[in-house]
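Biologist: Hi! Could you walk me through this one while I have it open on my screen?

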Amino acid sequence: MKIAMCLEPVINSKWHYGREMGVIDAVTIRDVGLDVPIWELPTMGRVVKSYEDFGFRVSVLEGWVPMNNIKLGLPEGEEEIERVIRVIENMGALGIEVFCYSWMAVHGWMRTSTTTRLPGGALTTSYDHALIEKDARSKGPVTVSEDLLWTTLEAFLKRVLPVAEKADVKLAMHPDDPPLSPLLGVGRIMRSVEAFERLLSLSDSPANGITFCQANFAAMNADVPATIRQLGRDGRIHFVHFRDIVGDATNIIETFHGQGKTDMYATIKAYRDIGFTGVMRPDHAPVMWGEPNEHPGYEGLGRIYAVGYMRGLMQAAEAESAR
């Protein structure tokens with residue numbers, strides 16, 4: 001198992017924190033408002049080289065490529081899928097192993113508050129479905145059906161998996177966040193353990209895999225360590241988001257790592273037991289005193305805490321297995 005930092009492609013404090021803590025692997029994500037055409041190989045090459053010059057290895061590409069029209073089955077999706085294919089080919093050429101994506105259409109990950117206070121005063125994100133249900137879109141017709149999303153997902157995999165296999169790149173599906181359907185009139189399909197079994201059954205390609213975002217499976221009220229063993233039994237958990245919550249899908253409060261509802265040590269042992277050797281990154285850390293909360297869940301100090309916590313759990317699991 002390798003700990004990574006999630007880093008926007010502009011050098012900031014998190015780049016320094018990561019290298020100072022000895023983190024080598026980077027998950028590169030698109031900064032909000034930054035339009036970089038990484039489907040052009042020289043452009044992606046320059047992005048990757050900037051990480052390498054700082055001492056990082058880019059292991060995962062996450063959330064860079066527009067895909068909404070693909071999910072909705074619109075004609076404009078053809079240009080998007082051609083860009084996805086070029087990005088995956090570029091990843092193969094540059095040695096980036098994992099493409100993290102989701103099948104949330106129209107609405108991405110959603111929260112109703114980014115200023116919920118934890119004991120001690122740290123700011124975190126939360127979701128209250130009762131508030132969303134008051135929105136007029138929740139009372140209207142479902143505008144995007146779950147059947148449509150399964151159809152477009154299957155078509156996407158048929159087009160892209162052969163490219164990924166040839167490029168030696170793994171696709172890693174992220175759960176819906178929150179795992180509820182419909183949401184503001186839009187269906188959501190990646191919201192249960194059974195849905196992820198269905199995803200894996202669409203193709204037995206080793207490239208067809210999962211981003212195991214622990215807090216989303218916790219929000220499903222799944223037994224998270226048992227689900228790791230179930231979905232990871234054939235090596236198709238390709239990437240991990242290590243985070244936790246209290247509550248469930250209808251009422252989520254994100255916590256510091258180790259302070260939520262999941263036995264995080266048990267999850268590390270589960271990854272060890274399935275032979276997971278990939279990248280995991282801390283995700284959605286609370287915002288601490290002195291930080292601006294400009295990027296809720298994605299500031300730096302909570303990630304310092306998380307990296308130390310994760311490293312300690314890994315070392316404990318290694319020591320236990322050596323006995």
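Biologist: To start, how many Å should the 18 residues of helix 4 span, and how far apart are its end C-alpha atoms?
Modeller: Helix 4 (residues 77-94) should span 26 Å at 1.5 Å a residue, and its end C-alpha atoms are 25 Å apart, which agrees. The expected span is 1.5 Å times one less than the number of residues. Helices here are DSSP runs (H or I, at least four residues), strands are E runs of at least two, and both are numbered from the N terminus.

Biologist: Before we go on, what sort of model is this?
Modeller: This is a predicted model, where local features need pLDDT of at least 70, side-chain atom pairs count only at pLDDT 80 or more, and totals for chains, interfaces and linings use all residues. Residues are numbered from 1 along each chain as its sequence is written, and side-chain values use heavy atoms, with hydrogens and water left out.

Biologist: Thanks! Which residues of helix 4 are buried?
Modeller: The buried ones are Gly77, Glu80, Ile81, Val84, Ile85, Val87, Ile88, Asn90 and Met91. Buried means under 20% relative accessible area, exposed means over 50%, and partly exposed is in between (1.4 Å probe, protein chains only). In general, an α-helix has 3.6 residues a turn, so residues three or four places apart point the same way.

Biologist: And what covers those buried residues?
Modeller: The cover includes helix 2, helix 3 (68-72) and helix 7 (146-167), along with strand 3 (57-62), strand 4 (98-102) and strand 7 (170-174).

Biologist: How do helix 7 and helix 8 cross?
Modeller: Their axes come within 10 Å and cross at roughly 35 degrees. Trp150, Leu153, Glu154 and Leu157 of helix 7 meet Ala195, Arg198, Leu199 and Leu202 of helix 8. That contact has 6 nonpolar, no polar and 2 charged residues.

Biologist: What about helix 1 and helix 2, how are they set to each other?
Modeller: The axes of helix 1 (residues 13-20) and helix 2 (residues 41-54) come within 11 Å and cross at roughly 45 degrees. The two are therefore oblique to each other. Trp15, His16 and Arg19 in helix 1 meet Ser50, Tyr51 and Phe54 in helix 2.

Biologist: Changing topic to the backbone: which peptide bond at Pro178 is cis?
Modeller: The bond from Asp177 to Pro178 is cis, with omega near 0 degrees. Pro178 lies in the loop between strand 7 and helix 8 (193-202). Another cis peptide bond joins Ser181 and Pro182, with omega about -5 degrees, and Pro182 is also in the loop between strand 7 and helix 8.

Biologist: Is Asn221 buried or exposed?
Modeller: Asn221 counts as exposed because its relative accessibility is 53%. Its phi is near 65 degrees, a positive value in a residue other than glycine.

Biologist: And His284, buried or exposed?
Modeller: His284 counts as buried, at 4% relative accessibility. His284 has a positive phi of about 50 degrees although it is not a glycine.

Biologist: Last one: what does Ile268 touch?
Modeller: Leaving aside neighbours within four places in sequence, Ile268 is in contact with Met1, Phe242, Met280, Leu313, Met314 and Ala317. Ile268 sits in helix 11 (residues 264-273) and is buried, with a relative accessible area of 0%.

Key
Axes are lines fitted to C-alpha atoms, for helices over the stretch in contact, and angles run from 0 to 180 degrees between N-to-C directions. Angles under 35 degrees count as roughly parallel, over 145 as roughly antiparallel, 65 to 115 as roughly perpendicular and the rest as oblique. Contact means heavy atoms within 4.5 Å. Ala, Val, Leu, Ile, Met, Phe, Trp, Tyr, Cys and Pro count as nonpolar, Asp, Glu, Lys and Arg as charged, and the others, Gly among them, as polar.
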